[in-house]
Amino acid sequence: DTVLAAATITMKLTSTVCFPRQEIMKWNGWGYSDSKFLFNKKGQAEFTGKRYRLSGMVLPSLQDWFENTFGASVNHKSPATPALNASAVPPASLNEAFVEDLKATGIPFSHEAEDRVFRAHGHCLHEIFALREGKKFERVPDMVVWPNCHSDVVKIVELACKHNVCLIPYGGGTSVTSALECPPEETRCIVSLDTSQMNRILWIDEKNLVAHVEAGIIGQDLERLLNESGYCTGHEPDSMEFSSLGGWVATRASGMKKNVYGNIEDLVIHIKVVTPRGVIEKSCQGPRMSTGPDIHHFILGSEGTLGVVTEVTMKIRPIPEYQKYGSVVFPNFEAGVACLREVAKQRCAPASIRLMDNEQFQFGHALKPQVSSIFTNFVEGLKKFYITKFKGFDPHQLVVATLLFEGDRERVLQHEKQVYDIAATFGGLAAGEDNGQRGYILTFVIAYLRDLGMDYYVVAESFETSVPWDRVLDLCRNVKERINRECKERGVQFQPLTSCRVTQTYDAGACVYFYFAFNYRGLADPVHTYERVEHAAREEILANGGSLSHHHGVGKLRKEWMKESISSLGVGMLQSVKDYVDPDNIFGNRNLL
Amino acid sequence: MASKTLYSQRDPMLKRDGFEDILEERRNSSDLKYALRCYAPVLYKGVTPCKANMLKNIVLQSDQLRYVINQVSQESGEAPDIIQEEASVILEEMAHRLQISTVRFFAFALSKAFKTLFQHVCVNEEGIQRLQQAIQEHPVVLLPSHRSYMDFLLMSYILYTYDLALPVIAAGMDFMGMKFVGEMLRMSGAFFIRRSFGGDKLYWAVFSEYVKTMLRNGFAPIEFFLEGTRSRTCKSLTPKLGLLNIVIEPFFKGEVFDVNLVPISISYERILEESLYARELLGVPKPKESTSGLLKARRILSEDYGSIHVYFGQPVSVRSLAQGKVNRSTYNLFPRHIPRKPMEETQSFVNDTAYRIVRLQEDNMVLKPWVLMASLLLQNLEGMELSVLTEQTVWLRGLALSYAAFLDWPDHAPTAKVVSSSLALHRGLACVSGGRVSLVVGEPLGPVTPEEALFNRAVSVLSCASYRNQVLHVFLRPAMLAVAMHTAASSKKSEWPGLYNCFSFLWDMFSNDFILCPGDTVQDFEEACYLLVKTGAVQMPQQDIVMTDIGQPTLSFFNGLLEPFLQGYQVVCRYLCEEASEGLTEKQYIPAVRSFAVKLILAGNLRCYEVLSSDMQKNALAALLRMDAVRKVKVADQVTLIVNKMAVNSIDDILGGKLPTQKALLARL
């Protein structure tokens, strides 16, 4: 009894230091607790809080868009369970010997229900839906542990091996592949290894332009801290407010500005990983090596199945002198894709270039805040008139590309001209900085909008793929059509929203990102319906030459297609690495393979 | 919506739509007004509006064609410009110039013609509605059966009548011989393809890209005949796969979401070309299509050709069909514009689909009472009492209905009336004298040689057979089982394995003559058993299949039904074993078999006239080639047939009712 009491005390003590997350973040939705969309008493949408550009603003057109697009109504609410019901959480089954040894190390841990549940999920629709509904959890971690540094992780992994405990690394918790879900068949004690306390920049090397960083740091902190020294990594995945460096490495993340800075695999110079067999790292920081297959590529995308990424040496760049948003309107999606292809061909893509389809364009417009001056209103009207009436663009066909240029001022302006000139040859019209910036805002608030949807019987999710240029149009059309068809066949009563954007360009292809949402009134099991449709959509993607994933990863959600994707021999190669590095499956989240 | 159930067990109680007569309105209102009325069909939702001329440019500039042009240029050493010019000429020769004014002209002219020729032109309107829906959703391919030149004019006429998008039609180049008519057809949506262009890469590339462009753009429904040519026998022909491959490929390559195939069954009560076909089968060469020839056909206008039934089947979704059969991602690793031979998996899928579609066409063919009467008359070539014919027709009607035949039997008319009006319509084929019905034999002009008399008789037998043939698909499977039982009974083996072996032998033997889907032997055997049991003709205690007391008439009718085929094939076998000389060429084969059969008939040793049909002779040879009993060898410019007399002899024996005792023999065959 005294042992238990002591443990509780330790936790109480450490909790204020260690768990800032639940206090400022939602337990059953996306992001900060203070930031959310809601329909106010007047039926107008507003975004609460102070954190974002949209915060505190009224969005007059959102309600109409929402109701018309989904056939939903602000009068039909489907509110979430207000608080976590502790009785829905299975009791922790602890490995006493492990706890005993862990305590001796002084590393903080907890087995409180809230801590465990918070780390039992990512942000897949079914995960959030279950939290909102207050469903009973099948399996959650039995305890959470907060290492403070690399050597803490070494100790934890050693103990886990000694006592045969299952470890699941937890970074920012933004997974959308069921990667954080505990395998229900796991009988050992499951320990969630939360890296959030390993969040320091250990050193910056200005000669070589690299920084050595602990892997638990989250994106926005990393950028903020580097900015203080005049640097940045330029790695900005859409989840960067919450996702962690270790998570990026483990999933092969991609950032919005990869055209300038590269994807995560281009950015890392050195990785330190703690595995059950010991620590993997390279002996030098040479910028490229010919030393057999790159061992970094066993780590990149290993999704927590081999060990814990503890420290990463990463390229940094001086903060760009100048940044400019931009946008181009095209008469239709085909013209837009042709333009992006040409930009990629000429290798002159700006830091970011994205092409939103018509649905997303309209969605973006629904998020326009109330315009204060009559003059702005007038200018907006004039622009609209020019594009639709004078240039003859069909408002239900036109699409918009959003651009972000970075660099020194002169070069940015030059670059801008080059891109706009190319766009013009495809019938594109420059449509201003504002439209461009709004496009990127949408990226950061879209996950908040899903929570709003779920308050009104609308479920939504996104998924992505990469595909050769010549198949982009066919893939987009066929996947949308497949979703519409599957929804109809599965009894969805309302027309679903299917929307896509070409969100990254490469020499040989593009990354395509889909949004998919529908009103689920009248469905007995909306999550199941949703999952079947997503499954069909993924099959359609694969049949149309798309990849299994461009940057979200495989997790457990897409495991079934791994063989098909990389051949069974390929799976065997990965399996043999796993078997060598982690013979007892200590890192037992069962992702990927 | 598109059906997914194509592969499911066939339902013997098919639910079918009713018909509307589209001539009725034509008889009551102005044809001119009809031809000039507002025509605004619904289009494919993904259509890219496009003129016929723009189509040509899209084709000529496509990556697909450019690739082949460069390839041909490299192989031939000819400059790409010249090859490009060649491609452009090919396309010019091929392409349609669909024009609404021409369509209106046809609408007017055909209204007049149809009203004179036919009593009714009946269409299932529910099928039209399904088609209209399908046209909006996906690219549509119309696949009508092909029994007459009339077919594609009729199709366009019907689609115009119902305000549906007019199809572009793949037509054989032979029409181009008729200068004026050829151009008229072109302007009504026909495009022309050479009959054979086997090795011509460029031609193939232009052709397939032209068709695919129209399909991808949703320009118009594409229409072609799976059977490749008009069936002269009124049996469905083994489907040709070339065009089907072309229209399905865009789906596999992800260029379209789906393609809908619409089987269409066009049934003629009397075919315009009836006796022409019989003569052609007997070796009178097919008249070259010429405008003056068509005008001579005016004589035809004075005759009554009864009714036409056009049944638009359930659109078949290629996507649903291919589900689980073809892995589309195998197309991911090869540039889509480079032509490639379809993979094995795809080939067998397309082959399978083609057969299924032809069977769907067969299923919805409308049968007239005369078809049943012709089947009976052919089993009684010496003629039969009218009363017996009437009685047996009624019996056969019951049998046909229980086998799900799509029989158009006049409501509330006494049977005698039905029989007599059928005889009246087909008075050119059968006549009643002194209460006996018998086949009409063409009136001799002056003195005739025995060969000429035989020839005249053969014309009427073959004409009559073309009606019997229409019902064969309904009875084929149980009839083959009946033959197998008959064979088995004579060798006292009625248990399953032997019966199945025998059935499967016949199935294999006849698979050029009838539409038997590859790989369906077992399923067909089961269907045959099921149908015979269902109608009480046989019982199946444990391992046996036994004829019941009431089964006798059914089984003997079935034996009689297939008798001409068994005999015909036997004659071919006998010819090859006994008469064929060493070094028999493929060219000599048909006339040689024909004169062998003529000799046998004249000598009174053979009563089967159907073996005189070149169709049967070709099919028999194809079967023997397939079974390796005959081989083709190319010597110089001649193709010679090498006969394995032992093998042919034993096939002859089995056909003659000797059940194979050694399984080894069958295996070797």
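Start where the two chains touch: select the 15 residues of chain A and the 16 residues of chain B that make up the contact. Keep in mind as you click around that this is a predicted model.

How much area do chain A and chain B bury between them? It comes to about 1,300 Å², with 30% of it on carbon and sulfur atoms. Now pick out A:Arg471, A:Glu481 and A:Arg485: this trio supplies 38% of the area that chain A buries against chain B, more than any other three residues.

Between chain A and chain B the count is 6 salt bridges. If you look for polar contacts across the two chains, there are 13 residue pairs, counting those with both residues at pLDDT 80 or more.

Next, colour the helices on chain A's side. Both α18 (472-489) and α19 (526-543) of chain A supply at least two residues of the side that touches chain B. Which element gives the largest share of that side? That's α18(A), with 7 residues. Sort the touching residues of chain A by kind and you get 10 charged, 3 polar and 2 nonpolar.

Over all chains, the count is 47 aromatic pairs. Select A:Phe39 and A:Tyr456 to see one. Why is this pair called edge-to-face? The ring centres are 5.3 Å apart, and the planes sit at 70 degrees, which is over the 60-degree cut-off, so the pair counts as edge-to-face.

A:Phe39 is in strand β1 (residues 37-39) of chain A, while A:Tyr456 is in the loop between α17 (433-455) and β19 (458-468) of chain A, so the pair ties together parts that are 417 residues apart in sequence. Are these two buried or exposed? A:Phe39 and A:Tyr456 are both buried.

For another edge-to-face pair, select A:Tyr52 and A:Tyr448: 5.5 Å centre to centre, with 75 degrees between the planes. This pair also links distant parts of the chain, 396 residues apart: A:Tyr52 is in the loop between β2 (45-47) and β3 (58-59) of chain A, and A:Tyr448 is in helix α17 of chain A. A:Tyr52 and A:Tyr448 are both buried.

Note on methods. Residues are numbered from 1 along each chain as its sequence is written. Chains are lettered from A and ligands numbered from 1 in the order in which they are written. This is a predicted model: local features need pLDDT of at least 70, side-chain atom pairs count only at pLDDT 80 or more; totals for chains, interfaces and linings use all residues. Side-chain values use heavy atoms; hydrogens and water are left out. Contact means heavy atoms within 4.5 Å. Buried area is the accessible area (1.4 Å probe) that two parts lose on being put together, summed over both. A salt bridge is a side-chain nitrogen of Lys or Arg within 4 Å of a carboxyl oxygen of Asp or Glu. A polar contact is a pair of N or O atoms within 3.5 Å; within protein, one must be able to donate a hydrogen and the other to accept it, and residues adjacent in sequence count only if both atoms are side-chain atoms. Helices (H or I, at least four residues) and strands (E, at least two) are DSSP runs, numbered from the N terminus. Ala, Val, Leu, Ile, Met, Phe, Trp, Tyr, Cys and Pro count as nonpolar, Asp, Glu, Lys and Arg as charged, and the others, Gly among them, as polar. Rings of Phe, Tyr and Trp (its six-membered ring) pair if their centres lie within 6.5 Å; planes under 30 degrees apart count as stacked, over 60 as edge-to-face and the rest as tilted. Buried means under 20% relative accessible area, exposed over 50%, partly exposed in between (1.4 Å probe, protein chains only).
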